[in-house]
Amino acid sequence: MLDVSKESVVRMTDKEMIIKLYRDENIAMVQKNLSRLNEILAPTMKLTHMTGYVQSKLEWIDQIQNEEMQYFASKEDTIKAIQIEGNRASLIGQNQVQARIWGGGTHTWRLQMFYEKKNGDWVISAQKASTY
């Protein structure tokens, strides 16, 4: 039997967990992995599009499922900033995202994401897309 003591368990830092969530979301969008998106997005998550339109989590996931929003590729350029204050955090990342959004073409955007720690786990609580 394998003995796994607390000392042998590698724990991710809050910063590492936030970066992982950011990358997981980009992968899940492209793979259309709706169950993973549902896990990592807070129930009250809001996505603010470059147009200013504010979309709920359920509407966004529904539009990915119905292919009103299609994400074809996401290439990370850089993570510009991460701020963590208690149970809240933000991350500004730059990804080159190939997507068709409501009939549009390929877009490049900067995505600012906000996180909350609930019951010891980080979730994405808000997102804001803009160009860079």
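This is a predicted model: local features need pLDDT of at least 70, side-chain atom pairs count only at pLDDT 80 or more; totals for chains, interfaces and linings use all residues.

Me: Which residue's side chain meets that of Glu67 in a salt bridge?

Reply: A salt bridge is a side-chain nitrogen of Lys or Arg within 4 Å of a carboxyl oxygen of Asp or Glu. Here the partner of Glu67 is Lys32, with 3.2 Å from N to O. Residues are numbered from 1 along each chain as its sequence is written, and side-chain values use heavy atoms, with hydrogens and water left out.

Me: How many salt bridges does the structure hold?

Reply: There are 9. One of them joins Arg36 to Glu39, with the closest N and O atoms 2.9 Å apart. These two residues are 3 apart in helix 2, which means about one helical turn separates them. Arg36 is partly exposed at 22%, while Glu39 is exposed at 52%. Salt bridges with shared partners join Lys20, Asp24, Arg36 and Glu39 into one network. Another salt bridge is formed by Asp77 and Lys75, at 3.5 Å from N to O. Asp77 is partly exposed, at 34%.

Me: How many aromatic pairs are there?

Reply: Rings of Phe, Tyr and Trp (its six-membered ring) pair if their centres lie within 6.5 Å; planes under 30 degrees apart count as stacked, over 60 as edge-to-face and the rest as tilted. The structure holds 2 such pairs. In one, Tyr53 and Trp102 are 5.9 Å apart centre to centre with 80 degrees between the planes, an edge-to-face arrangement. Tyr53 sits in the loop between strand 1 (41-48) and strand 2 (54-56), and Trp102 in the loop between strand 4 (88-101) and strand 5 (107-118), so this pair links distant parts of the chain, 49 residues apart. Tyr53 is partly exposed at 37%, as is Trp102 at 41%.

Me: Why is the pair of Trp60 and Tyr71 edge-to-face?

Reply: The ring planes stand at 80 degrees, with the centres 6.2 Å apart, so the pair is edge-to-face. Trp60 belongs to helix 3 and Tyr71 to strand 3, so the pair ties together parts 11 residues apart in sequence. Trp60 is buried at 1%, and Tyr71 is buried at 6%.

Me: How many helices and strands does the protein chain have?

Reply: Helices (H or I, at least four residues) and strands (E, at least two) are DSSP runs, numbered from the N terminus. The protein chain has 3 helices and 6 strands, in the order α-α-β-β-α-β-β-β-β along the sequence.

Me: What percentage of the protein chain's residues count as buried?

Reply: Of its 132 residues, 35% count as buried. A contact means heavy atoms within 4.5 Å. Among contacts in the protein chain between residues at least 6 apart in sequence, 50% join residues at least 24 apart.

Notes
Buried means under 20% relative accessible area, exposed over 50%, partly exposed in between (1.4 Å probe, protein chains only).
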